[in-house]
Every structure is written in C-alpha cells, then in structure tokens.
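Hi,

Here is the structure I promised to pass on to you. Have a look at it first, and then read on for what turned up.

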Amino acid sequence: MIKNVLGILIIALALVFETSFFPTFISPEFKPDLLLVITVYIALRGTFEGGAPLSWGIGLLKDLFSGLYLGLNAFTFLLLFMVIKSSSDRLYAESGELFVVAVSLATLGNVTVSALLSVMFTSSPGVAYSMLYSLIPHILANAFSASIITLFPLFSSPLPEADTP
Amino acid sequence: MELLKKYAAFILLGVACIAALAFYTLNIPKKRSANVIERVLLSLFYPVIKPVASISGTIDGIWNNYINLVDVRHDNVRLREILNQQNSRIIEADEISQENQRLAKLLDMKKKIRRTSLTATIIGNDTAPWFNTLLLDRGTTSSLAEGMPVVASSGVVGQIVKVAPSTSRVLLLTDHTSGIAATILRSRARGVVKGRGEGVCILDFASREDDIKVGDMVVTSGIGGVFPKGLPIGEVTMVKRGEYGIFQTVSIKPSVNISHLEELLVLTGSGND
C-alpha cells in the first residue's frame with residue numbers, strides 16, 4: 001500500500017518537474033522525459049497485469065500536458081511497455097546498465113512511433129521534423145536521468161506488483 | 001672643620017648639581033651624536049631589550065588577533081546576516097521592479113487592443129520538446145474558452161486550447177498545428193502564419209508576386225475574427241522564391257520571446273466590448 005502511494009507520488013512529482021521545474025532551467029531538447037523513464041522501469045520490473053494499464057495511464061497523463069493529441073503518448077507508452085515486457089523476463093532486469101539502454105531505446109521508439117502517428121493521422125506532419133531534430137539530445141537527456149535513477153536505493157527494491165505471486 | 005662637617009651634605013649636593021649642569025651643558029653641542037656613556041649603556045641594554053620587545057609584540061599579536069577577536073567573530077556573524085538580508089531585499093526589489101515593468105508593458109498592450117482581457121500567469125510548459133504549448137493559471141472559472149487569442153506585451157502568443165476549470169493551455173504560434181491569418185505591414189500582402197517548431201514560423205500562402213522583404217513586420221490581418229487586426233506577430237527573416245510554384249517561402253521570427261514569457265493577456269471579449 002505504502003509503495004503504491006509512493007509510486008503515485010513519484011509519478012505526480014515527475015509530471016510537476018517536467019511541466020514547471022525543468023523548463024525554467026533546461027532547454028526543451030535536453031529536458032528529460034521522466035514519465036517515459038518510469039514506464040520503462042515498470043516494464044522491466046513490474047507485472048503485465050498492473051503495468052499495462054499503468055503505462056497507458058502515465059502516457060495519458062503526459063498527453064494532458066503535451067500537444068493537442070490526447071492518446072498519442074498513451075498509445076506509444078503502452079506499446080513500449082508491451083515490447084519491453086515481452087523480453088524483460090529473459091533479461092537481468094535489476095541491472096542498471098540494462099535500464100539505461102532500455103530507456104535510450106524506448107526514447108527512440110517513442111519518438112519514432114509518435115512521428116509515424118503524427119504523419120499518418122494528423123494535419124501537421126511537420127511535427128515529425130521537430131521530433132527528429134530533438135531526438136539525439138532527448139535520448140541523451142533520458143539516458144542521463146536513467147543513469148542517475150539507478151543510483152537511488154529505491155531502484156533496487158521490487159515493485160509492489162512483483163511481490164504478489 | 002666642624003662647620004665643613006656640618007654642611008658636607010649640602011656642599012656635596014651643590015657640587016653634584018653643578019657637575020650635572022656642567023655635564024648637561026657640555027653635551028648640548030654634541031646632541032646629535034652618542035657619547036661614550038650612551039654607547040656603553042645602549043650596548044649593555046640591547047641584549048635585554050630586543051627579546052623583551054619581541055615577546056611584547058607576540059603578546060600583543062595574540063591579544064589582538066585571538067583573544068580580542070571574540071567580539072569580532074560575533075560581529076562578523078551578525079554583519080553577514082545583515083548582508084544576506086540586504087541582498088535578499090535587493091533581489092526582491094529587482095524582481096518587483098522587473099515584474100512592474102512587464103505588467104506596465106502588458107497594460108499598454110491592453111489599452112491598445114481595446115478588448116476585454118484577462119491577465120494570466122504561465123505555470124507550466126509542454127512536457128514534450130516537439131510540441132509548443134503553455135499551461136496557464138486560469139480556466140473556465142475565469143470565463144476562458146477554447147479559441148481565445150493570447151497576447152503578450154510584444155505581440156501575439158497563440159490561442160487557448162483545452163480549458164479546465166482552473167487551468168488552460170495555450171497553443172503557441174510556433175507549434176506545427178498553429179495557424180494565424182496575417183498580413184505584411186508595409187505591402188499588405190496576406191498569408192497564414194504557421195508554426196515550424198524551434199521558435200520559428202513561416203508565412204504560408206504568400207504568392208510569388210507579393211512584395212515581401214527581409215525585415216518586414218508581420219501583423220494579424222483580423223481575417224477570421226479570432227485575433228484583432230494589427231497585432232504584431234513577428235519579423236520576416238528570410239524570403240525565398242523558387243523558379244516554379246505559385247507561392248514563396250517566408251520565414252518569420254516571432255516578436256515575443258517565448259522562453260521568457262511570464263504574464264499573458266487572454267482576450268476574452270469581442271471587438272465590440
């Protein structure tokens with residue numbers, strides 16, 4: 001119960017940091033996507049039943065404060081969760097290095113899927129150019145924030161869903 | 001003989017006085033040079049005076065630099081606190097002064113527009129770097145609605161999208177989905193200002209024949225009825241006419257510095273208010 005509340009608090013805090021704290025100090029390209037990092041963490045360490053709706057919810061939360069298309073990040077986050085989850089059981093998910101690599105690849109996947117969806121379904125395909133323009137700094141920022149997260153003691157503790165058989 | 005004995009002390013004293021006076025008067029011409037007695041005495045006292053002077057200096061140093069500094073340390077702490085307080089006041093005053101300047105400019109803009117408007121403060125930015133939206137501290141409870149134009153003291157900022165009871169989001173003019181009917185101030189050439197991300201816009205649908213030059217001011221045309229006519233949008237930074245095609249490519253640098261925005265005006269009423 002405490003871990004669930006703590007998880008919700010971390011997600012809320014990450015959102016507040018992304019919307020109101022980071023933009024003051026960091027240029028948009030280098031602003032880390034903490035919600036994506038959290039989703040990758042859930043995908044690597046959580047269960048499918050709990051993680052899938054949670055990752056969709058985190059994406060939806062991000063959509064509330066990003067762009068005009070509600071559901072874009074929700075879909076991409078769910079897709080990323082399923083892709084990572086499908087292979088995480090065969091990997092040493094507690095590894096910090098794996099986490100950083102997974103976050104980097106997830107960022108690449110997130111941008112690629114978002115760009116594809118924007119080109120296919122929206123009237124502003126030019127946004128794909130902006131996405132590709134800020135891809136490299138975005139990957140670097142996310143990888144850096146992921147590497148910092150691995151230093152936290154909470155990183156090595158299991159998720160509440162993982163406790164249940 | 002008895003008389004001499006009786007006054008011997010007085011006589012000796014008198015002789016001594018005379019001798020002392022004589023010694024004094026004889027030494028007056030040699031006042032700038034040391035005589036033998038002086039030299040001997042000074043030489044005798046030198047080995048004693050030097051270490052005593054050194055010890056005195058050490059004691060004086062210990063007193064002034066250590067023992068007597070107890071109060072100085074307290075004074076230092078107190079003065080540092082005062083300095084910190086004064087610095088905080090200066091920073092606060094600077095902040096208030098800058099806010100005052102910004103609000104004064106915003107008020108000037110409000111007077112120019114002559115439409116009912118509402119001041120809003122930015123409380124958040126877009127979470128993704130490729131979308132350009134801002135989060136405002138006002139929503140439907142402040143009578144905000146989707147589509148309302150948003151301006152700053154230096155020009156157009158964007159339009160309200162997605163309104164919640166206490167917050168709303170502004171779609172910036174630099175976003176890829178933004179489009180604002182515009183005209184070139186000098187030549188009256190028309191087009192639509194569209195966002196291109198990275199803080200840049202373009203003037204779309206400007207025909208090849210239109211007279212557009214680098215440095216031209218782009219203002220709202222008022223077509224569509226969303227934005228009032230004549231609000232500054234930006235400045236033309238590049239004009240490119242290809243060999244073919246009916247349009248020319250016009251790049252625009254927005255008048256507002258989006259990364260430094262803090263307070264905005266939301267135009268809530270129509271032009272008839």
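Helix H1 (residues 2-25) of chain A lies across S1 and S2 of chain B and runs at about 85 degrees to S1(B). Helices (H or I, at least four residues) and strands (E, at least two) are DSSP runs numbered from the N terminus. Two residues count as in contact if their C-beta atoms, placed from the backbone, lie within 7 Å. For the angles, axes are lines fitted to C-alpha atoms, for helices over the stretch in contact, and the values run from 0 to 180 degrees between N-to-C directions.

Before the rest, two notes on the source. This is a predicted model, in which local features need pLDDT of at least 70 and side-chain atom pairs count only at pLDDT 80 or more, while totals for chains, interfaces and linings use all residues. Residues are numbered from 1 along each chain as its sequence is written, and chains are lettered from A and ligands numbered from 1 in the order in which they are written.

Now to the place where the chains meet. The contact takes 20 residues from chain A and 18 residues from chain B. On the chain B side, the elements that give two or more residues are strand S1 (117-125) and strand S2 (133-136). S1(B) gives the most there, with 3 residues. That side of chain B divides into 8 nonpolar, 7 polar and 3 charged residues; Ala, Val, Leu, Ile, Met, Phe, Trp, Tyr, Cys and Pro count as nonpolar, Asp, Glu, Lys and Arg as charged, and the others, Gly among them, as polar.

S1 and S2 also belong to a barrel in chain B, which 6 strands close in the order S1-S2-S5-S4-S3-S12 with antiparallel pairing. Neighbouring strands of this sheet are turned by 45 degrees against each other on average, direction ignored. Two strands pair if DSSP finds at least two bridges between them. One example is S3 (residues 149-152) with S4 (residues 155-163) of chain B, antiparallel over 4 bridges, where B:Val151 stands opposite B:Val156. Helix H4 (residues 70-113) of chain B lies across S1, S3 and S12 (263-267) of chain B, at about 15 degrees to S12(B).

Further along chain B, S6 (residues 179-184) and S7 (residues 190-195) pair antiparallel over 5 bridges, and B:Thr183 has B:Arg190 as its bridge partner. Their hairpin has 5 residues between the strands, and B:Arg188 takes a positive phi near 65 degrees in it.

Happy browsing!
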